Amino acid sequence: MDTQRHQPDAPAAVAVAAEPRVSGPGRLPPHDGGAPAPVPAQSGPSPAWRVLLRYMRPSWRWLALGGLLNLVSGVIGLALPLAAKRLVDDLGADRPLTGVLLLMGVLVVVTAGVGPLGEYVLRRTGESIVLTARRRLVSHLLRLRMSAVDQVEPGDLMSRVTSDTTLLRQVTTDSLVGTVTGGLTILATMTMMGVLDPVLLAVTLGVLLLSGTVVRVVMPRVSRASRDIQKSVGAMGAALERILGALRTVKASGAEHREEAAVHRAAEESWQASVRAAKWLAVAGHTAELALQLAFFTVLAAGGARVAAGLIDVGTLIAFLMYVFTLVPSLQGLVGAAGQYQIGAAAVARIQEAERLPSEPQRPAALLPVPGAAPAELRFRDVRFRYAPDLPPVHRGVTFTVPARGMTAFVGPSGAGKTTIFSLIERFYEPTAGSVLLDGRDLGDWDLPELRSAIGYVEQDAPVLSGSLRDNLLLGAPDATDDEIRRVLRTARLDDLVARLPKGLDTLVGHRGTKLSGGERQRVAIARALLRRPRLLLLDEATSQLDAVNEAALRDTVAEAARTTTVLVVAHRLSTVTLADRIVVIDAGTVRAVGTHDELVAEDPLYAELAATQFLTATG
């Protein structure tokens, strides 16, 4: 692997600044009212409420229904104090109570039915909003440009998909919808209180305004603590993913305690931020509780005085007190909604950061080459490339031509830029200058799925995904037949392995293929690439972990493939290099020499030195 490729970690915003956005993912299949819109190109973060409305738009009908049901429940609740007043008045006038008791019973039953139904509709809709956000974000992350992936931690991105999106449910249903319905309920409650007694309403509002001042001071602190919570959760996920991804190395290095301390520090930072948020939310919540008590006793005292003075009757005072008990919980709900909004706004900001990372355009999958398709021709023209503006160049003017069919080997010292050539061919990165042509067309003119469907790529570390062996083989060719699978198994010398496995191709290979040896993982990667029937086969150190017998067999396989397709090999074993039709010597980001083994031994001192050691460096 090229040493220049290692870059210091940088925040997501660096990736945005370093490279313009290409596009976001397209529309997803509809569900619960529609599909989320594509992620738009953005010059900066949008307000949280605007982003939330964008997520809510596909489910607005369900949100409206849930809000309406909650509003109906609230309106029915407003009728209960009036019914209670009527009951007291009837008792005082010795009138029959049957009618008013029946009315109160109906109101209670309807409220008991409508309220839970509205809650269920809102919660179900909230889950749909979370699903929409997750699908949208996952689609975007899977199409991130490699320049963006290099600058963010996978664990942090995972927390944005899992933890941050979960908070959208609360902030959309509990906060935004709750604010609208709660606000209308409060307005209607105060109207009824004003109708009953404007003086007592003024007394109540005076007490509540005092508590509202405290809440207004508290909310900005909740917002800051919420942002710290989400940031620390992402850092903890990144630290944990880093450890679990190299757990054997950590154990072998005796580094468990040091790495454990790093995760514990991130967890403690999350705890501290959560405690700060809890403290201020508790202050806000208890301020509202105190307001309820103060309002009750103040209204009771003032109302009692007005009853004694004959200005209002007892029924009016009881109804007014019932409205106080309705009003203050609604205000508490608004305070809670404001707190949820601050938490959700922090999550939305992190989701937006991920959505602003530059991505590749979303395109439909392309068909794989048909059997016997013509091999590809490749040409590099004065290609220059660096991974970031502040890093040294990897390529300083690379020029070479690979004709259709045959095998071309790339050799050279570590860090010369060999592996980067393959990354440019796959368009994981774009050249800083110069051009790469496949079949005479600049790679920038190719549709990405069409380009990559023509290429089989075996990476240097030959990654194997968690799942079954069959899943891994079919990763790039899901429609491959059983006969094609058997053919590549024989070609990659995997047929004996499959015969030994307890469930054959359906045997699980473990996380990152830990149940397979290094050589077996390498052969799985080779078989996966061959199953795609590539017109251009890229092998990056494809035999580095194979024993002599399997290496010899695979050399024969590669030589056979080179007769019908174009094969490019980054290799360090002389036995592999000597089979090549042409050898490209890369040194310090330039093409030093091109020729056959015999020609280069005679004409190029660097190649002659590498060949004399019988070992060409294992990393590129």
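**Exercise 1. Helix α2 and its neighbours**

At what angle do helix α2 (residues 48-56) and α6 pack, and how far apart are their axes? Name the kind of arrangement, then list the residues that make the contact.

*Solution.* Keep in mind that this is a predicted model.

Step 1. Read off the geometry. The angle between α2 and α6 is about 100°, and their axes lie 11 Å apart.

Step 2. Classify the angle. Values of 65 to 115 degrees count as roughly perpendicular. The two helices, α2 and α6, are therefore roughly perpendicular to each other.

Step 3. Find the residues. Helix α2 contributes L52, Y55 and M56. Helix α6 contributes L168, V171, T172, L176 and V177.

Step 4. Sort them by class. The contact of α2 with α6 has seven nonpolar residues, one polar and no charged.

**Exercise 2. The open sheet**

In what order do the six strands of the open sheet stand, and why does one side of β6 and of β10 lack a neighbour there?

*Solution.* 

Step 1. Write the order: β6-β7-β8-β3-β9-β10, with mixed pairing.

Step 2. Look at the ends. β6 (455-458) and β10 (590-595) are the edge strands, and each has a single partner, so one side of each is left without a neighbour in the sheet.

Step 3. β3 (residues 406-411) and β9 (residues 582-587) pair in the parallel sense over four bridges. In this pair, V411 stands opposite V585 in β9.

Step 4. Check an antiparallel pair. β9 and β10 run antiparallel, joined by five bridges. Here I583 stands opposite G595 in β10. The two strands form a hairpin with two residues between them. In the turn, A588 has a positive phi of about 55°.

**Exercise 3. Strand β1 and its pairings**

Which residues stand opposite F380 in β2 and in β4?

*Solution.* 

Step 1. Take β2 (residues 395-402). It pairs with β1 (residues 378-385) in the antiparallel sense over six bridges. Opposite F380 stands F400.

Step 2. Take β4. It runs antiparallel to β1, with five bridges joining them. In β4, V436 is the residue opposite F380.

**Exercise 4. Salt bridges, buried or partly exposed?**

Are R306 and D197 buried or exposed? Treat R384 with D382 and E426 with R452 in turn.

*Solution.* Side chains of opposite charge can pair when their charged atoms come close. The whole structure holds 21 salt bridges.

Step 1. Take R306 with D197. Their closest N and O atoms are 2.8 Å apart. R306 lies in helix α9 (residues 256-308), while D197 lies in the loop between α6 (154-196) and α7 (198-244). They are 109 residues apart. Buried means under 20% relative accessible area. R306 has 18%, so R306 counts as buried. D197 has 3%, so D197 is buried too.

Step 2. Take R384 with D382. The closest N and O atoms are 3.3 Å apart. R384 is partly exposed at 36%. D382 is partly exposed, also at 36%.

Step 3. Take E426 with R452. Here the closest N and O atoms are 3.9 Å apart. E426 lies in the loop between α11 and β4 (433-438), and R452 in helix α12 (residues 448-453), so the pair ties together parts 26 residues apart in sequence. Both residues, E426 and R452, are buried.

Step 4. Finish with a network. Salt bridges link D156, R160, D164, R350 and E353.

Conventions: Residues are numbered from 1 along each chain as its sequence is written. This is a predicted model: local features need pLDDT of at least 70, side-chain atom pairs count only at pLDDT 80 or more; totals for chains, interfaces and linings use all residues. Side-chain values use heavy atoms; hydrogens and water are left out. Two strands pair if DSSP finds at least two bridges between them. A salt bridge is a side-chain nitrogen of Lys or Arg within 4 Å of a carboxyl oxygen of Asp or Glu. Buried means under 20% relative accessible area, exposed over 50%, partly exposed in between (1.4 Å probe, protein chains only). Axes are lines fitted to C-alpha atoms, for helices over the stretch in contact, and angles run from 0 to 180 degrees between N-to-C directions. Angles under 35 degrees count as roughly parallel, over 145 as roughly antiparallel, 65 to 115 as roughly perpendicular and the rest as oblique. Contact means heavy atoms within 4.5 Å. Ala, Val, Leu, Ile, Met, Phe, Trp, Tyr, Cys and Pro count as nonpolar, Asp, Glu, Lys and Arg as charged, and the others, Gly among them, as polar.
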